[in-house]
Amino acid sequence: NKILDGDGGGIVVHGEARGVYIGNTLSGSVRAGIGVMDSACPVFIGNEMSSNQGGGAVMAGQSAPVFISNKLSGNGFVGLGVKEQSTPLLQDNVIVGNVGYGILLQGRSCTEIQNSVVENNKRAGICACEQAFVRATKCTIQASGEGSQRAGLLLHDDSKAVLHQSTLVGHRTGNVVMQDRSTGAFTENDMSG
């Protein structure tokens with residue numbers, strides 16, 4: 001399916017809805033390409049979210065979506081936004097060239113990221129704030145070229161991160177930047193440039 005130029009979101013899943021969404025193109029929405037709220041638990045496989053003003057995908061409430069092998073590129077504000085108490089699993093995704101953050105985590109969200117590429121987003125590759133938690137395993141978080149991705153992993157407030165067997169390369173501000181009362185555990189990573 002091609003879902004283009006909507007006044008709202010491209011696909012919005014809420015309540016306790018479930019479903020599997022495969023191979024959709026979501027582009028040009030005023031809000032997010034995909035919105036997941038409440039206690040919804042959908043699965044997204046092989047979708048492309050690009051040029052959506054509100055972001056590629058945004059999750060809130062107590063949702064627990066799964067994103068596998070999706071591409072999020074050129075979206076406004078954020079490639080993928082997670083807030084409130086959402087607990088997504090992100091596996092084998094490419095999050096590249098978004099106008100704001102690659103992945104922004106807020107509230108008490110808890111996000112698992114596996115084997116994904118977060119590259120050349122305008123702000124940080126992954127930013128966690130408030131009391132958000134992120135675990136990234138076997139990810140590539142990199143910046144190349146002028147004006148791309150200032151920090152690889154940026155932690156604010158009381159956020160927490162576990163970074164394992166990942167590669168962080170080329171960030172101007174730092175590959176890992178921790179502020180306020182943030183905490184992290186970092187094992188077997190490759191960080192350079």
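This is a predicted model: local features need pLDDT of at least 70, side-chain atom pairs count only at pLDDT 80 or more; totals for chains, interfaces and linings use all residues.
Residues are numbered from 1 along each chain as its sequence is written, and side-chain values use heavy atoms, with hydrogens and water left out.

In soluble globular proteins, nonpolar side chains tend to be buried together. A nonpolar core is defined here as a set of buried Ala, Val, Leu, Ile, Met, Phe, Trp, Tyr and Cys residues joined through side-chain atoms within 4.5 Å; buried denotes under 20% relative accessible area, exposed over 50%, and partly exposed the range in between (1.4 Å probe, protein chains only). The largest such core comprises 32 residues, of which I34, A57, L80, I103, L105, I113 and L153 touch the most other members. Another core, of nine residues, lies apart from it and includes V78, Y101, C129 and V177. With neighbours within four places in sequence left aside, I103 is in contact (heavy atoms within 4.5 Å) with V78, L80, L90, I95, I113, V118, G125, I126 and C127.

Strands (E, at least two residues) and helices (H or I, at least four) are DSSP runs numbered from the N terminus. A32 belongs to strand β5 (residues 32-36) and is classed as buried because its relative accessibility is 10%. Although A32 and N52 are separated by 20 residues in sequence, their C-alpha atoms are 5.7 Å apart. Beyond four places in sequence, the contacts of A32 are G8, G9, G10, N52, G54, G55, G56 and V58.

N47 occupies the loop between β6 (43-45) and β7 (48-50); with a relative accessibility of 2%, N47 is therefore counted as buried. The side chain of N47 reaches the backbone nitrogen of G23 at 3.3 Å. Residues up to four places away in sequence not being counted, S116 touches L90, Q91, D92, N93, K138, C139 and T140.

Two salt bridges are present in the structure, the criterion being a side-chain nitrogen of Lys or Arg within 4 Å of a carboxyl oxygen of Asp or Glu. One of them joins the side chains of R135 and E112 (3.4 Å, N to O). This pair links distant parts of the chain, with R135 in strand β18 (residues 133-137) and E112 in strand β15 (residues 110-114), 23 residues apart. R135 is partly exposed at a relative accessible area of 33%, and E112 is partly exposed at 23% relative accessibility. D158 and R181 also meet through their side chains in a salt bridge (2.8 Å, N to O). D158 lies in the loop between β20 (151-155) and β21 (160-164) and R181 in the loop between β23 (174-178) and β24, so this pair ties together parts that are 23 residues apart in sequence. D158 is partly exposed at 31% relative accessibility, whereas R181 is exposed, with a relative accessible area of 52%.

E188, in the loop between β24 and β25 (190-192), is exposed, with a relative accessible area of 58%. The C-alpha atoms of E188 and H164 are 5.8 Å apart, across 24 residues in sequence. Leaving aside neighbours within four places in sequence, E188 is in contact with H164, Q165 and S166. The side chains of E188 and Q165 are joined by a polar contact of 3.0 Å; such a contact is a pair of N or O atoms within 3.5 Å, where within protein one must be able to donate a hydrogen and the other to accept it, and residues adjacent in sequence count only if both atoms are side-chain atoms.

Backbone geometry was examined as well. Most residues other than glycine have a negative phi.
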